[in-house]
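User: I should like to examine the reasoning behind several structural labels. Please set each value against its criterion.

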Amino acid sequence: TVVSFDLSALISIFLNSDSIFRMPNTHLRLILFTISIVLLVSIPLITIKKSPNNILSDNKILLIIFMFFASYLASKNIYNIMALLLLLLSVFYYIFIFKDSLEKYEIFFLSSYMFIFLYPFFQSLLIPADFSEVDNYLRFLFAVPVYLMMRNISISKTTILYSVNIISIFIGIAALYYLIFFNDFRLKGFTSTSAIFANISLLFFFISFFTLKDFYLAHKKHIYIPILGTIFTFAAWSSTESRGSLIAVLFILIFILINKELRNKYIISNIKFTIISLFLFSSVFYYSGSMARINNAYTSTHNYIYDNSSHYWKHKSSIVPRLNLWHASINMINDHMILGVGLNNYTKSLDSQIKTGKVQPIRNDRSNYTAGMNHAHNQYLDIFAKTGIIGFLTLIYFIGMNYYHFYRNIKNNEDNTPGFMGALVLVSYASYMMYHTILSHQQSILFLTFTLAILAGLSYSKSIERN
């Protein structure tokens, strides 16, 4: 039998199909998928006589990383191009150059990325899911070669302090640009939601503010740079009128204050500085839209819960729809504790609960009671409801192993600026997850995974400098 090869038909399928990928939702596909992962992990075992490592240089890689962060909130596509370049370089490094043996805690660290990436694919064998639903989980896999490349790059404290504060200034300038030329209500720029803009802006505010002391001791002459970075990022955050991100402030303060070494190194023990800072930030916050939204949310929610007042989804700044989503998610967890409802079935399950009276409608519209909501607006509840207790534990394991990785690196070298910044990223995003579903937003998960991988790699490199 002669089988013809029609290239035009293949091109037509590629162009006209929503997705050319298939989930490993059959036993054969799952076996092939597992074999491919094993082969992928085994690549460093292959000996290549001549490693073309002259193509890569620390300066090129660090420049790409700087452009990735500087353009993240300031452009629509540049950060994606930089992320792709960084991924390609790291894959090249992984295939041709990487031959190192990893420390035990690094193996646990990387396994956390692999587990949270793999589980949704294995779950699809039992509960069907579209590739579009697991697409964002691929970012955990992409972060692995990025880490392996970054752990062998050395960066000076001067470079990283100047870089992050210049990026903070870029964020403030970008926010001002959007306010002037786009007149955004609740600023979001080119991101899909203002929560993403707020989360990243507030994170860089933390980084700029808590490295003020370090910057001052090393470069007193240019202390205006982190001061501008701190002011610009806080102003950018305030323009988003964000409420939920404020929870990160509490957890960041607890994280630093309970650690004596971090407290002594990064907290400025000066009464005048503390009073001025509190006055300025409190004033900006009080007159920002965030304060007004908090007041509106309190009034609407209080009247709804205690006074039995009617509620409509159009109530300004109300959090009642979010409370209903959390209630529905808890019901899903109770009914499907082990495997969850599946990545594809959140909206369907929510609609069923509304129609049976278990939860109130998200929107008072018979044709669309769910308002199209396909996630819980809480990452912990969302992953538990969709993937069950196993998926939830992969997220907890991921957070725990990242924390331990930064903790070990800081412990090995107390002057570990990338390690401290990485810990700030982790604590901030673990807090954001209480009100924001990171895995439902490509921009959030890309930023989180790549930022953690980059800083984890640099912090490991810093931790072994003494040795």
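Analyst: Contact, as the term is used here, means heavy atoms within 4.5 Å. The model under discussion is predicted. By that criterion, Ser168 touches Phe204, Ser208, Gly229, Phe232 and Thr233, leaving aside residues up to four places away in sequence.

User: Where does Ser168 lie, and why is Ser168 called buried or exposed?

Analyst: Ser168 belongs to helix H8, residues 157-181. Buried means under 20% relative accessible area. Ser168 has 0% relative accessibility, so it counts as buried.

User: What makes the relation of H3 to H8 parallel or antiparallel?

Analyst: The axes of H3 and H8 come within 8 Å and cross at roughly 25 degrees. Angles under 35 degrees count as roughly parallel. H3 and H8 are therefore roughly parallel to each other. Their crossing is right-handed. Phe66, Phe69 and Ala70 of H3 meet Ser163, Ile166, Ile167 and Phe170 of H8 in this contact. By class, the residues in the contact of H3 with H8 are six nonpolar, one polar and no charged.

User: How do you know whether H3 is parallel or antiparallel to H4?

Analyst: Helix H3 (residues 58-72) and helix H4 (residues 78-96) have axes that come within 8 Å and cross at roughly 150 degrees. The criterion for roughly antiparallel is an angle over 145 degrees, and H3 is therefore roughly antiparallel to H4. The crossing of H3 and H4 is left-handed. On the H3 side the contact is made by Ile61, Ile64, Ile65, Met67, Phe68, Ser71 and Tyr72, and on the H4 side by Ile78, Tyr79, Met82, Ala83, Leu85, Leu86 and Leu89. The contact of H3 with H4 comprises 13 nonpolar residues, one polar residue and no charged residues.

User: Is Ser90 buried or exposed, and why?

Analyst: Ser90 is a residue of helix H4. Its relative accessibility is 0%, and the limit for buried is under 20%; Ser90 therefore counts as buried. Leaving aside residues up to four places away in sequence, Ser90 touches Pro145, Val146 and Met149.

User: How many residues of H9 are buried, and what span should H9 have at 1.5 Å a residue?

Analyst: Of the 17 residues of H9, 17 are buried, so H9 is largely enclosed by the rest of the structure. Helix H9 covers residues 194-210, and its 17 residues should span 24 Å at 1.5 Å a residue; the end C-alpha atoms are 24 Å apart, which agrees.

User: How many residues of H5 are buried, and what distance does H5 reach?

Analyst: Helix H5 (residues 104-123) is mostly covered, with 15 of its 20 residues buried. From its first C-alpha to its last, H5 reaches 28 Å, close to the 28 Å expected at 1.5 Å a residue.

User: Why is Leu323 given its accessibility class?

Analyst: Leu323 is in helix H16, residues 320-335. Partly exposed lies between the 20% limit for buried and the 50% limit for exposed. At 30% relative accessibility, Leu323 therefore counts as partly exposed. The C-alpha atoms of Leu323 and Ile362 are separated by 9.5 Å, with the two residues 39 residues apart along the chain.

Key: Residues are numbered from 1 along each chain as its sequence is written. This is a predicted model: local features need pLDDT of at least 70, side-chain atom pairs count only at pLDDT 80 or more; totals for chains, interfaces and linings use all residues. Side-chain values use heavy atoms; hydrogens and water are left out. Axes are lines fitted to C-alpha atoms, for helices over the stretch in contact, and angles run from 0 to 180 degrees between N-to-C directions. Helices (H or I, at least four residues) and strands (E, at least two) are DSSP runs, numbered from the N terminus. Angles under 35 degrees count as roughly parallel, over 145 as roughly antiparallel, 65 to 115 as roughly perpendicular and the rest as oblique. A crossing is left-handed if the near helix is turned anticlockwise from the far one by less than a right angle, and right-handed if clockwise. Ala, Val, Leu, Ile, Met, Phe, Trp, Tyr, Cys and Pro count as nonpolar, Asp, Glu, Lys and Arg as charged, and the others, Gly among them, as polar. Buried means under 20% relative accessible area, exposed over 50%, partly exposed in between (1.4 Å probe, protein chains only). The expected span of a helix is 1.5 Å times one less than its number of residues.
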